[in-house]
Amino acid sequence: MKEKNISLAVIRRLPKYHRYLKEMLDNDIKRISSKELSKVIGFTASQIRQDLNNFGGFGQQGYGYNVEDLYEEIGKILGLTRDYNVIIVGAGNLGQALANYSSFGRLGFKLKAMFDINPKIVGLTIKDIQVLDMDTFETFVNENNVEIVYICTNRDGAQDVADRISKTNVKAIWNFAPVDLKVPEDVVVENVHLIDNLLTLSYFLKEN
């Protein structure tokens, strides 16, 4: 991405393309033009062409895009050509909800374990995944080639978890805790601050 100088805004639009193209495949749509795709996805046809041209274009003038080919190519760009070993830290309501969301697994994000410090939760089985004690965290991560950690703890515990992750080989964190984490430069963090999103929604509701 750095070599091609592709903006983060373009990268963040790719999952939406991928999702809508999957819906088209499910509806047996074989090909689509950028104008038709614009009506479905909400981006302008020009924006769509510009986004896809960053990666080679994929379309043919007068024909448009082959939906299956484009879906597969965007999947490759997003790294969906292999599986990823995932664990969840924080097995409360949010952690359990993520564990039960089957679409992650279908995309290749394979949940291997859940961790918690609450003795009432440790030992439980959530969708065939056992909740382990945090005392075994580093050992499990190193022995099972874990690549992504979902942090679903409270605010106070999140940075401690991030610090422990930084001492392992894990290079990707999906953070649901309401705090901005401090991590080494080679660790990628994607934040999902639910309160921030809700407050943004309340702003637009107020303005409307």
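Let me start with the overall layout: the domain assignment divides the protein chain into domain 1, covering 8–77, and domain 2, covering 84–196, with bounds that come from an automatic or database domain assignment. The C-alpha centres of domain 1 and domain 2 are 32 Å apart.

Please keep in mind that this is a predicted model, in which local features need pLDDT of at least 70 and side-chain atom pairs count only at pLDDT 80 or more, while totals for chains, interfaces and linings use all residues. Residues are numbered from 1 along each chain as its sequence is written, and side-chain values use heavy atoms, with hydrogens and water left out.

I will take the aromatic side chains next. Rings of Phe, Tyr and Trp (its six-membered ring) are paired if their centres lie within 6.5 Å, with planes under 30 degrees apart called stacked, over 60 edge-to-face and the rest tilted, and by this rule there are 10 aromatic pairs. One of them is formed by Y84 and F109, which count as stacked because their ring centres are 5.4 Å apart and their planes are at 15°. This pair links distant parts of the chain, since Y84 belongs to strand 3 (residues 84–89) and F109 to strand 4 (residues 109–116), 25 residues apart; helices (H or I, at least four residues) and strands (E, at least two) are DSSP runs, numbered from the N terminus. How accessible are the two residues? On a scale where buried means under 20% relative accessible area, exposed over 50% and partly exposed in between (1.4 Å probe, protein chains only), Y84 is buried at 15%, whereas F109 is partly exposed at 22%.

A second pair, F104 with W174, is edge-to-face, at 5.5 Å centre to centre and 75° between the planes. F104 lies in helix 6 (residues 102–106) and W174 in strand 8 (residues 172–175), so the pair ties together parts that are 70 residues apart in sequence. F104 is buried at 16% relative accessibility, while W174, at 22%, is partly exposed. Both residues also belong to one aromatic cluster, formed by Y101, F104, Y150, W174 and F176.

Now to the charged side chains. Side chains of opposite charge can pair when their charged atoms come close. With a salt bridge taken as a side-chain nitrogen of Lys or Arg within 4 Å of a carboxyl oxygen of Asp or Glu, a search of the whole structure finds nine. Among them is the bridge between K22 and D26, at 2.9 Å from N to O; both residues lie in helix 1 (residues 8–26), four residues apart, which is about one turn of the helix. K22 is partly exposed at 34% relative accessibility, and D26 is exposed at 54%.

Another salt bridge joins D28 and K30, whose closest N and O atoms are 3.2 Å apart, and both of these residues are exposed.

Which residue does K171 meet in a salt bridge? The partner is D186, with the closest N and O atoms 2.6 Å apart. Here, too, distant parts of the chain are linked: K171 sits in the loop between helix 8 (155–166) and strand 8, and D186 in the loop between strand 8 and strand 9 (188–191), 15 residues apart. K171 is partly exposed, with a relative accessible area of 37%, as is D186 at 43%.
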